[in-house]
Amino acid sequence: MTTNASTMTAKTATQNACKLCTPLGACLAFRGIESCVPFLHGSQGCATYIRRYLISHYKEPIDIASSNFNEETAVFGGSHNLKLGLKNVTQQYKPQVIGIATTCLSETIGDDVPMILKEYKAIMGEADLPAMIFASTPSYSGSHIDGFHAAVRSAVKTFATGGAKKNMINLFSGMISPADIRYMKEILTDFGMPFMLLPDYSQTLDGGPWAEYHRIPPGGTATSAIAESGCASASIEFSSTLEASKSAAGYLESEFGVERHQLPLPIGIKASDRFLALLEALSGQPMPEKYEDERRRLVDAYADGHKYIFGRKAILYGEEDLVISMAAFLREIGVTPVLCASGGKSGQMKKRLLELVPDMAEQGIEVREGVDFVDIEHEAERLQPDMLIGNSKGFTMSKKHDLPLIRIGFPIHDRFGGQRLHHLGYRGTQELFDRIVNTVIEERQKSSPIGYTYM
């Protein structure tokens with residue numbers, strides 16, 4: 001049982017969760033590995049639900065295999081189904097990699113997936129099989145972000161090897177948009193340092209039309225590149241709440257001595273400065289002039305748009321890392337995120353927010369972890385914000401309370417182009433800033449009895 005701190009009413013169940021299921025994040029991460037098929041050990045319904053969410057956001061065909069549990073397997077275990085499913089996927093898709101994630105059902109009955117995979121390899125002959133990555137992802141103990149990080153860490157554990165250090169860096173960028181991934185790759189390339197970015201679904205989930213159908217879309221991080229990650233000189237990991245014991249960069253540091261640099265998502269000028277400064281230090285190269293230009297334009301935009309948004313209040317919700325970084329950005333532009341809410345339960349959200357927003361208490365900023373949209377709606381009635389900032393799951397609340405919703409992150413189901421939204425770096429910050437300012441201007445126009453056509 002949880003308690004709403006504001007109304008002190010008892011809660012016994014979650015309604016309209018402010019998070020998604022754990023294996024969804026794992027399937028997304030697996031799609032960022034070259035020639036990889038995501039495979040759920042559980043019921044067909046779980047795979048269908050995840051496909052629906054991913055396809056709606058990314059507007060791309062997405063296949064997710066399943067061991068297809070039924071009543072019998074729910075009682076006696078899914079070993080046979082998993083082995084048969086792996087065999088069928090191998091024959092039909094001919095993947096280089098199969099990414100296996102568990103669901104609540106297979107975890108609850110206690111299927112020992114590593115042992116089943118060991119038996120399967122012994123039967124089939126390991127030399128003739130695709131590589132297999134396994135991530136334990138029960139939804140009752142996490143969210144989609146936990147599943148995402150678990151899959152990335154498992155991929156690194158599966159493929160990474162040690163050896164002589166190379167002049168390269170690893171970037172574990174987290175659950176960001178394909179557009180942001182492309183921008184990160186552009187930045188790393190411009191600094192002239194070899195890199196490995198994982199996962200890379202910038203093409204597999206936002207590609208162009210094909211002359212002929214591909215069962216597995218081209219693109220993704222090559223397993224050979226992941227193998228070299230243990231020889232990198234450093235890793236950069238975008239996260240404020242991820243513990244080293246659960247992170248890919250943490251594994252590489254403990255196993256191969258690859259230095260781990262953990263940064264918040266680079267949203268806003270200060271956070272982007274920190275990221276680019278780290279790249280300068282690691283590469284030994286100055287920031288390219290094009291990013292100096294992007295920064296100057298962003299500073300100029302802050303000055304031009306400040307009068308429209310200063311003093312506005314927002315309710316901010318979504319994944320913990322995104323909320324933390326967005327809150328710091330909002331304070332940077334003069335907007336107060338009166339409520340920072342997430343369905344995640346890392347226990348670190350308030351602490352990390354305080355590091356980036358030290359005047360949080362003075363500004364009356366409240367932090368809520370483990371909440372659902374019913375909780376957030378209650379707070380909206382009390383806090384009276386000017387806008388909501390988060391994913392499409394907040395639309396019902398937006399409509400009910402006549403509050404503009406600025407859509408960021410995942411999922412964005414009710415607008416086109418969610419996969420092409422920038423959030424990171426100077427370029428992403430510029431787009432976010434423009435959208436926030438224009439939303440405020442539009443609301444002022446709508447509420448004016450005469451409107452206006454000139455700013």
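Because the model is predicted, local features are taken at pLDDT of at least 70 and side-chain atom pairs at pLDDT 80 or more, while totals for chains, interfaces and linings use all residues. Residues are numbered from 1 along each chain as its sequence is written, and side-chain values use heavy atoms, with hydrogens and water left out.

Let me begin with strand β11, residues 313-317, which is largely enclosed by the rest of the structure, because 4 of its 5 residues are buried; buried here means under 20% relative accessible area, with exposed over 50% and partly exposed in between, for a 1.4 Å probe and protein chains only. Strands and helices are DSSP runs numbered from the N terminus (E, at least two residues, for strands; H or I, at least four, for helices), and two strands pair if DSSP finds at least two bridges between them. By that rule β11 runs parallel to β12, residues 336-341, with 5 bridges, and the chain passes between them through helix α13, residues 320-332, in a right-handed β-α-β crossover, that is, clockwise from the first strand over the helix to the second when the strands point away from the viewer. β11 also pairs in the parallel sense with β14, residues 387-390, over 3 bridges. Ala314 takes part in both pairings, with Pro337 as its bridge partner in β12 and Met387 opposite in β14.

Next comes an open sheet of 4 strands, in the order β8-β7-β9-β10 with parallel pairing, whose edge strands are β8 (195-197) and β10 (259-263). Within this sheet, 4 bridges join β7, residues 169-172, to β9, residues 234-238, and Leu171 stands opposite Ile236.

Finally, is Asp206 buried or exposed? At 13% relative accessibility it counts as buried, and it lies in the loop between β8 and α9 (223-227). Its side chain makes polar contacts with those of Arg182, at 2.7 Å, and Arg420, at 3.4 Å; such a contact is a pair of N or O atoms within 3.5 Å, where, within protein, one must be able to donate a hydrogen and the other to accept it, and residues adjacent in sequence count only if both atoms are side-chain atoms.
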